[in-house]
Amino acid sequence: MTEETPGFDEKPDVPSDTESAGNPDDTAQSAESAETAGSAPAGDDNQATALTAQLDQVRTALNERTADLQRLQAEYQNYRRRVERDRITVKEIAAANLLSELLPTLDDVGRAREHGELVGGFKSVAESLETAVAKLGLQQFGKEGEPFDPTIHEALMHSYAPDVTETTCVAILQPGYRIGERTIRPARVAVAEPQPGTQTTKSASEEDAKASDEENGGPEEG
């Protein structure tokens with residue numbers, strides 16, 4: 001008898017194309033993960049750029065508001081100084097208008113003092129008046145021997161004198177008065193100028209003396 005060779009009824013365990021391809025769901029998830037991983041750095045860069053732009057905008061707005069605040073503060077300080085200056089000016093003008101009406105009385109008091117007539121009750125009243133106007137800021141000026149200044153002096157008399165080297169107040173006819181830097185009335189004075197030719201003679205004498213010293217080897221020592 002001939003032995004039959006057993007046949008191979010079962011199929012060999014060879015993986016099919018479907019199995020080798022794997023599960024479609026798993027493939028899709030893997031592709032999505034790869035896509036997400038690839039796009040993540042680009043998204044972070046865009047977000048960082050947007051945040052930087054917003055930060056720049058905030059900084060710009062802050063700088064603008066700071067500049068506005070500084071400008072308002074400077075304007076307010078200027079306003080305060082202007083108001084204070086105007087207040088002082090108005091106060092000085094009001095005091096000057098009031099005290100101007102009292103200057104003739106103060107002149108009478110001064111003349112009475114010069115003539116020795118400031119005595120008794122009149123003296124007390126005069127001193128009280130002078131104290132009151134001094135508290136209001138009234139100051140008297142003008143003295144004999146001081147240089148003539150046309151901004152504060154009014155020359156009523158003029159003469160020449162050999163003993164002066166510049167235009168000088170030699171007599172105070174009426175004292176001047178001021179409040180702070182504001183002149184209420186200039187001092188009315190008599191002035192004297194150097195005698196014509198005096199300066200030339202003096203200069204020539206000084207030059208001769210200098211030349212003599214130079215010839216003699218300098219001034220003599222005492």
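Helices (H or I, at least four residues) and strands (E, at least two) are taken here as DSSP runs, numbered from the N terminus. The model is a predicted one, so to speak of local features takes pLDDT of at least 70 and side-chain atom pairs count only at pLDDT 80 or more, while totals for chains, interfaces and linings use all residues. Residues are numbered from 1 along each chain as its sequence is written, and side-chain values use heavy atoms, with hydrogens and water left out.

The largest pocket comes out at about 420 Å³. A pocket is an open set of points on a 1 Å grid over the protein atoms alone, where a 1.4 Å probe fits, with protein on both sides within 12 Å along at least five of seven lines; lining residues have an atom within 4 Å of a point. Its lining runs to 18 residues, with Leu106, Gly110, Gln140, Pro175 and Tyr177 nearest the centre.

Turning to the nonpolar cores (buried Ala, Val, Leu, Ile, Met, Phe, Trp, Tyr and Cys residues joined through side-chain atoms within 4.5 Å; buried is under 20% relative accessible area with a 1.4 Å probe, protein chains only), the largest has 9 residues, including Leu99, Leu103, Leu106 and Tyr177. Here α2 (24–100), α3 and β4 (176–179) each supply two or more, and α2 has the largest share, 3 residues. Another core, of 5 residues, lies apart from it, with Phe141, Ala187, Val189 and Val191 among them.

Definitions and conventions: Points joined across faces, edges and corners; volume = space filled by probe spheres on them. Buried < 20%, exposed > 50% of the residue type's maximum accessible area, 1.4 Å probe, protein only.
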